[in-house]
Amino acid sequence: FRRGLELTCDNTTGPPRLLLGNSTIQMTAISRYGGGNTAWASPFGFNITTNRGMGTYIRTWETPAKGVMLHEANSLYVVGCNVDLYLFRDNTTHLVGACTSTCVYSRETMKDSDVEGYCRGNNGCCRISLQQDLQSFWLKLVRHDGAGAETDEVLPTVKVILSEYYNFYTSDLYSSWVNSSNLEDVYLQTVITDQPSCESGRLIMNKD
């Protein structure tokens, strides 16, 4: 690999896994596409455990390999009830996007209603389209209790997922993590970090 695109082979599993840097993010494909190098990884994210009532929670993320960025085609999905999420670029106050996820239906009503599939905001899932390549980000999640929401059950865990596409199912609200079969891989953009300009980087890429 070139400097900045560090990959690690994990031979402790069967079959072995190709990981990005020293992380647990598993690479699924690397290819030349559209005149550049692109890669894909298994979707990833994290849980945020919240307390009932109003509360603010901060999380940060940075790519484990400086030669890899999140492609603008990805989205950040939020699965949870009564939360606002704000996504910021790098260590700045530049707002990439925001969304609100509420649960206006009870659990039984959601099972019987056509609220699955697209994250629409009022069905327990919302979405922020990245629209720009990101090497790092931080997010602010604000939880609040809303009238008529989660009337039958308290859902303290909010799931934040990075994926090119997520097909929402109500059962994902009540599980420890979303069903991986509902997720598409994460689209990554590779960057040549050891060249001083784009022109020299293209020459190196074509030579390789």
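This is a predicted model: local features need pLDDT of at least 70, side-chain atom pairs count only at pLDDT 80 or more; totals for chains, interfaces and linings use all residues.
Student: Is the link of cysteine 81 and cysteine 103 left-handed or right-handed?

Tutor: Residues are numbered from 1 along each chain as its sequence is written, and side-chain values use heavy atoms, leaving out hydrogens and water. Cysteine 81 and cysteine 103 form a disulfide (cysteine sulfur atoms within 2.5 Å) with their sulfur atoms 1.9 Å apart. The angle about the S-S bond is -80°, and the link is left-handed.

Student: How many residues apart in sequence are the parts that cysteine 81 and cysteine 103 tie together?

Tutor: Helices (H or I, at least four residues) and strands (E, at least two) are DSSP runs, numbered from the N terminus. The disulfide of cysteine 81 and cysteine 103 has a sulfur-to-sulfur distance of 1.9 Å. Cysteine 81 sits in the loop between β8 (75–79) and β9 (83–89), and cysteine 103 in the loop between β10 (95–101) and α1 (107–112), so the parts tied together are separated in sequence by 22 residues.

Student: Are cysteine 81 and cysteine 103 buried or exposed?

Tutor: Buried means under 20% relative accessible area, exposed over 50%, and partly exposed in between (1.4 Å probe, protein chains only). On that scale both cysteine 81 and cysteine 103 are buried.

Student: Which strand holds cysteine 126, the partner of cysteine 99?

Tutor: Cysteine 99 is joined to cysteine 126 by a disulfide with an S to S distance of 2.1 Å. The torsion about its S-S bond is about 45°, so this disulfide is right-handed. Cysteine 99 lies in strand β10, so the pair ties together parts 27 residues apart in sequence, and cysteine 126 lies in strand β11 (residues 125–129).

Student: What is the relative accessible area of cysteine 125?

Tutor: A disulfide joins cysteine 125 to cysteine 119, S to S 1.8 Å, and it is right-handed because the torsion about the S-S bond is about 60°. Cysteine 119 counts as buried at 6% relative accessibility. Cysteine 125 is also buried, with a relative accessible area of 0%.

Student: What pattern do the disulfides follow?

Tutor: The structure holds 3 disulfides. With bonded cysteines counted along the chain, the pattern is 1-3, 2-6, 4-5.

Student: Which residue is the bridge partner of tyrosine 57 in β12?

Tutor: Tyrosine 57 lies in strand β6 (residues 55–62). β6 is joined by 8 bridges to strand β12 (residues 136–143), and the two run antiparallel. Tyrosine 57 is 84 residues from leucine 141 in sequence, but their C-alpha atoms are 5.1 Å apart. The bridge partner of tyrosine 57 in β12 is leucine 141.

Student: Why does tyrosine 57 count as buried?

Tutor: Contact means heavy atoms within 4.5 Å. Beyond neighbours within four places in sequence, tyrosine 57 is in contact with residues including Ile48, Asn51, Leu139 and Arg143. Tyrosine 57 is buried because its relative accessible area is 12%.

Student: How far apart in space are glycine 124 and valine 79, C-alpha to C-alpha?

Tutor: Glycine 124 is found in the loop between α1 and β11, and it is buried, with a relative accessible area of 0%. Its contacts outside four places in sequence include Val79, Cys103 and Phe168. Glycine 124 and valine 79 are 45 residues apart in sequence, and their C-alpha to C-alpha distance is 5.8 Å.

Student: Over which residues does pLDDT stay under 50?

Tutor: The protein averages a pLDDT of 84, and 84% of the residues score at least 70. The stretch under 50 has 13 contacts beyond four places in sequence in the model, and it covers residues 147–152.

Student: What percentage of the 208 residues in the protein is buried?

Tutor: The protein has 2 helices and 14 strands. Among contacts between residues at least 6 apart in sequence, 67% join residues at least 24 apart. Of the 208 residues, the buried share is 43%.

Conventions:
pLDDT is the predictor's confidence in each residue, from 0 to 100. Two strands pair if DSSP finds at least two bridges between them.
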